[in-house]
Amino acid sequence: MAAIGHGDTELNPAFVGRVRELQILKKKLDRAFAGRGSLVMLTGEAGIGKTWVAQRFARSARQQGAVVLSGCCFEGDWQPPYGPWLQSLGEYVRTTAPEQLRRELGPNASPLAHLMPGLRTALPDLPDPPSLSPDEERFRLYEAVIQWLFTMAKEKPILLVLDDLHWADLDSLRLLRYLARFVDRAPVLVVGAHRDSEQELNDRQQMAEVLAVLQRETGYERVPVRGLTTADVAEYLALSTGQDLPQGLARTVQSVTSGNPFFVHEILRHLIEDGRLPREGGLLSTELGIGSMGTPAAVRQVVQRRLARVSKETSDMLRLATGFGGGFAFQVLAALTDLPDDMLLNCLDEALEAGLLRATDGAPPMYDFAHTIVRHALYDQQNPDRRARLHRRIALALEQSYAGRLADHAAELAAQYHASADLPGAAAGIPYALDAAEQAKVACAHERAALFLRIAHALSAESESAVRAKILCKLAVAEAEALMLEDSRRSVEDALALLAASEVEPRARAEFLAAVARVWQDGGAGSSLCDALVERGLALVGEERDLLWARLALLRDRFEPVSIGIVNAGRWLGYDPRAVEIVRARGNEDDYAQTLEPFARRTRQQTESILTLARNWQRPMAILRALQVVVRDLIYRHGAFHEAAERCQELLEASERYGSLFGQAEALVSLAGAQVAIGELQPAQHTAQRAFEITARLGSGQALRYIEIGLESVLAYYLDGDWTALASAATELATSQELVHSLVGPGVAATAAFDHSRAGNSAEAYHILAALTPVAERVEPTTYGHNLVVALASSAVWDLAAREYADIYRRQARAAIEAGVGGTVVGPHELSIARMATLLGDMSEAGQYFARARRTLDAHEQHHLRAIVDYDEALALIRTHSTERTRVLALLEAAMATFARLSMEGWVKRALSQQEALLAAGPGAHVADHDYPDGLTAREVEVLRLLANGNTNREIAVALIVSLPTVQRHIVNIYAKINARGRADATAYALRRGIVEPRKY
């Protein structure tokens, strides 16, 4: 490398060290090439080289054939919504053929067009996306981004670099979190970079919170970028200057800078420019005494000394430029400085040569400080009053430069006016803040919309109260849409106070409260909070019974708590009939759809009427709600599973067309349940997997989680599963007090009891049944979902042989039949009655209802449930000491044939176990010679029989399709009940009680 010439102060920063960091990234890239993505975060202090590492790695990845997308955040509020994403994907749009873009984006193009204006330029025929709720639109945008990335990655692996994330807006961070959950499913490597000092994270609390969530949800890899070693610094100095310098100098520079590459570079430049490293014969002198180096204590001093070496015009220009946080254009700088073009160009050249500025890519070109450290070294030394006036001058320069297209720069103008809010005339920034908020809302950046509305409110301090009230009303709604409910609550109170002070008419205030309450309710605010808002709105409306009153009345919480504790349940009181009548007559489709509550009672004809409405409506949210109600009616009220499967497909197609992830999730969960009910077990598994992938995207706390747990348990009922894990999840959900504001609480509790009974946790199942049964007895048979409660609870009673509950659930099942309520995914009501009659010793009634269950199931071709009926009747005959050996064997044989054909392996093994025990007893023996003595349950008898036959715990677990811990718990329970000290005692007991035959030993 040639030495730098005399008088030349241009130094090329060298890339040294970083072998460890690059090796880690290389392994992640290899993983991406193998089809599995990752998230990696480069962390470290300012100037440590995070950006250099990312850029060097990106260059290497591109050479290996990866598609590299990169974007960065910058300091300040004026970056566009989803700034780093817009930058990285926007460059791809600009450099990709429209035909390829159309192919890669598919139906996701329209939602992305609002975020990326360049996309509509490339594809001008894109339609506007259908209007959904704010939450739905946000998830639609997230899904569009990741599906686009995943589609691109099918051709080549993707490296996505997101730099300076410590300055990212919350919306961008939420999108990163969404992608991170699924990045391992595609060849997409995401490399983020952010500062990690405690001060930085405290200043950007949202970044710290997202990092904590990412660590919990994804376990991403954090790669600290540390200071260079002395050897690295020596190499850096040699590469930068073109000659070897003394090791002592390298040691001193490393000590002074802690190996921070930016600081090393600045110190080296300072030493050369200050004459501390004189030149002799064109080379830097290496005779410098280390003690005479005279290194400044802080790099800030270095920057200030370098600034002192440039001309006054350049120095003044740079101090003015510090007011920009994300770069600046020549024309704006010209308006700001009032310098002639030639002089300003000379100043820029001088600043670039001095390493204080850098030119960035783009058209037109932009300029920015070489590093934010340089900018802050100049900006922080200005007093607050000078800074405020600087920002106001920039705002005026922006207005002058961008006249005619100010809306394109609304965010930057708003931020500059906000930074000078203490000066007169700040209200001129309000329109820009409102424009920026609206642009953010259109781009589904709801948190950013709230940010600019806060700026508008701050700028309106001297405005009339009516203006401030209008801004606060918008802010309260925006904060609610951004799920910032506590902030929204404060804004509502402030807005109402201003509205009252402005003597705004009561109806206008009520309309505001109705709008906020609707968003609060959709955003998951507590019912008491929403109700308080609604009641205030109704008080403002007074005695008038019009559309506004009706809309408010429909927002009231219409649930009455019935049970709180182990079982959390509520009673649906129904909407106000007058409000429903008014809304349906005078409102729009969305208003009408709001009156379609799934919990309301409906006949089949009424359900069909709703389907007709859905097919004739135009508004997406109304259509989706109507179809969801139809699907739930068919499954949970009418038991029309074949038709439900068809309507689920209709809901799924509509949800995909509109981009509704919530609709797709509900359609798939319900479709899987309908498929299970009609015996399409393998397709149901596939559908359920698709559903669970979408519900995982939507995150925790979604209402669909209640349905999802039930679906997992139903699938396990037919195809086996981890009953212990299912029981734990269902029990946790059952304790949520949110359930008192819905009708699903008893269903969740019944699922938990069912899961515990299947897992062999008899005590837990009894505990839940004891709390659930009194609640179930008070519920009318036509109540939404009550048929499933009865079916699941009676199944648990059957497993436990809990005779004390049998008559209650027999009566409940009879009442459901009499009320015309359809069967469930775990069987018809006739099966529940047959089981309960068996436990009560009424085999005449049991036989009658087993037969009726068969006829019902045969009529609907539900062969899997028909086989369970055969098995259960055989089990009933065994439990009641029947001598109908031939019939029992025939029932078991028929059941096993169907179980085998449908791959219901656990049921095959259970039926085979009963058959083997019966055959082993011989033709002259009773079907069973036991009556579950000493409180043993049916499952415990099965375990005891296998144990006495010499099976190990693991063999018992395999035979019964349960976990090893479940078998161990059963054995502990058995020993306690029969007073056994070990296997020998248990075997002797089994022989003595006739549970096994002596001749088997």
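Buried here means under 20% relative accessible area, exposed means over 50%, and partly exposed covers what falls in between (1.4 Å probe, protein chains only). The model is predicted, and local features need pLDDT of at least 70, side-chain atom pairs count only at pLDDT 80 or more, and totals for chains, interfaces and linings use all residues. Residues are numbered from 1 along each chain as its sequence is written, while side-chain values use heavy atoms, with hydrogens and water left out.

Cys73 counts as buried because its relative accessibility is 2%. A search of the whole structure turns up 0 disulfides, a disulfide being a pair of cysteine sulfur atoms within 2.5 Å. Cys73 is accordingly in no disulfide, and the nearest cysteine sulfur, in Cys72, sits 6.9 Å away. For Cys473, the closest cysteine sulfur belongs to Cys530 at 17 Å, so the two are too far apart for a bond. Cys473 is buried too, its relative accessible area being 14%.

Next come the strands. Helices (H or I, at least four residues) and strands (E, at least two) are DSSP runs, numbered from the N terminus. Strand β3, residues 158-163, is mostly covered, with 6 of its 6 residues buried. In a regular strand the side chains alternate between the two faces of the sheet. Along β3, Ile158, Leu160 and Leu162 point one way, Leu159, Val161 and Asp163 point the other way, and all are buried.

To get from β3 to β4 the chain passes through helix α8 (residues 170-180), making a right-handed β-α-β crossover. Right-handed means that, with the strands pointing away from the viewer, the path from the first strand over the helix to the second runs clockwise.

Helix α16 (residues 330-337) is another mostly covered element, as 6 of its 8 residues are buried. The buried ones in α16 are Val332, Leu333, Ala334, Ala335, Leu336 and Thr337. Their cover includes α15 (312-321), β8 (328-329), α17 (341-353) and α19 (384-401), where contact means heavy atoms within 4.5 Å. After α16 comes Asp338, with a positive phi near 60°.

Arg705 belongs to helix α35 (residues 704-719) and counts as partly exposed because its relative accessibility is 31%. Not counting residues up to four places away in sequence, Arg705 touches Glu712, Ala729 and Leu733. Val669 is 36 residues from Arg705 in sequence, yet the C-alpha to C-alpha separation is 9.9 Å.

His829 is found in helix α41 (residues 829-839), and at 4% relative accessibility His829 counts as buried. Leaving aside neighbours within four places in sequence, its contacts are Asn787, Ala813, Ala816, Ile817, Val821, Gly822 and Gly823. With Val821, the backbone oxygen lies 3.2 Å from a polar atom of the His829 side chain.

Definitions and conventions. A polar contact is a pair of N or O atoms within 3.5 Å; within protein, one must be able to donate a hydrogen and the other to accept it, and residues adjacent in sequence count only if both atoms are side-chain atoms.
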